[in-house]
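Here are a few notes to read alongside the model.

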Amino acid sequence: MIQLKEIDKYIESRFQRVFILKGINLTINEGEFITLMGPSGAGKSTLLNILGLLDEDYAGEYFFGDKSIRKMKDKERSSLHKSEFGYIFQAYHLIDELTVYENIETPLLYRSVSSTERKSIIANLLDRFNMVAKKDLFPAQLSGGQQQLVGIARAIAGRPRVLLADEPTGNLHSGQAREIMEIFQELHAEGTTIIQATHARENADFGTRLINLVDGRIETDEAIAK
Ligand SMILES: Nc1ncnc2c1ncn2[C@@H]1O[C@H](COP(=O)(O)OP(=O)(O)O)[C@@H](O)[C@H]1O
Ligand SMILES: [Mg+2]
């Protein structure tokens, strides 16, 4: 589904080139649930941003299916980005001025989903995450765990094929973190490809593959024993 070939990401400092990612070769098959681990600064977020087409400033090749990202027109790339990827961030990135309902609705508005269909998708998600009673509240009125559930609901509302999550449980208590991982496990069972960056080794056990990044390189890449 996704293939990265010899990806280098670097910044030019005054005297030298500083590599953030170096020689990344990675093949991701549809339906995998991958965990990226590694020390702070190892390049996990940078790699997720490249995978999610949020960062195009790198060397090397990225294929989505049989298509080279670099050879795509801007419009094609941006439509791929919108239609295939969902993002979950550590800091939720909810819009403070919008209610829970409206936050979940935003990606559906971008995709011009009809109003009837939007209502039904959002009703299902609220139900699934036990948030029906919270739909008219604003993010500030929710706990961290609830805000992250809204972030997940928003990310999956458009049924992305690939879900990218950067430290999705970073601000949560262990019980809430577990709940989020169980949701990921369900989405994975439904066929969603998931790539998460995390510091928590226990989160990796919910997935199928563990990749360790150190200093911008893949140090180990192994299957998770079930
Ligand atoms: N735009 C940037 N300019 C300069 N340095 C950056 C930039 N983005 C990331 N870095 C550096 O690259 C390294 C990897 O960052 P990051 O991908 O955020 O690591 P991780 O998510 O594994 O903690 C860090 O040392 C960070 O400071
Ligand atoms: Mg990071």
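1. Let's begin with helix H3, residues 100–110, whose buried residues are Val100, Tyr101, Asn103, Ile104 and Glu105. Buried here means 20 or more other C-beta atoms, placed from the backbone, within 10 Å of the residue's own. Helices (H or I, at least four residues) and strands (E, at least two) are DSSP runs, numbered from the N terminus. The cover over these H3 residues includes helix H4 (115–128) and helix H5 (144–156). After H3 comes Ser112, with a positive phi near 45 degrees.

2. A word on conventions: this is a predicted model, in which local features need pLDDT of at least 70 and side-chain atom pairs count only at pLDDT 80 or more, while totals for chains, interfaces and linings use all residues. Residues are numbered from 1 along each chain as its sequence is written, with chains lettered from A and ligands numbered from 1 in the order in which they are written.

3. Now to ligand 1. The residues around it include Ile11, Ile20, Lys44, Ser45 and Thr46, where the C-beta atom, placed from the backbone, must lie within 6 Å of the molecule. Helix H1 (residues 44–51) gives the largest share of this shell, three residues.

4. Finally, the whole protein chain: it has seven helices and ten strands. Its radius of gyration, taken over C-alpha atoms, is 18 Å, close to the 17 Å from the globule rule (2.2 Å times the number of residues to the power 0.38) for 226 residues, so the chain is as compact as a globular protein of that length. Of those 226 residues, 33% count as buried.

Methods: Buried ≥ 20, exposed ≤ 12 C-beta atoms within 10 Å, placed from the backbone. Contact = placed C-beta atoms within 7 Å.
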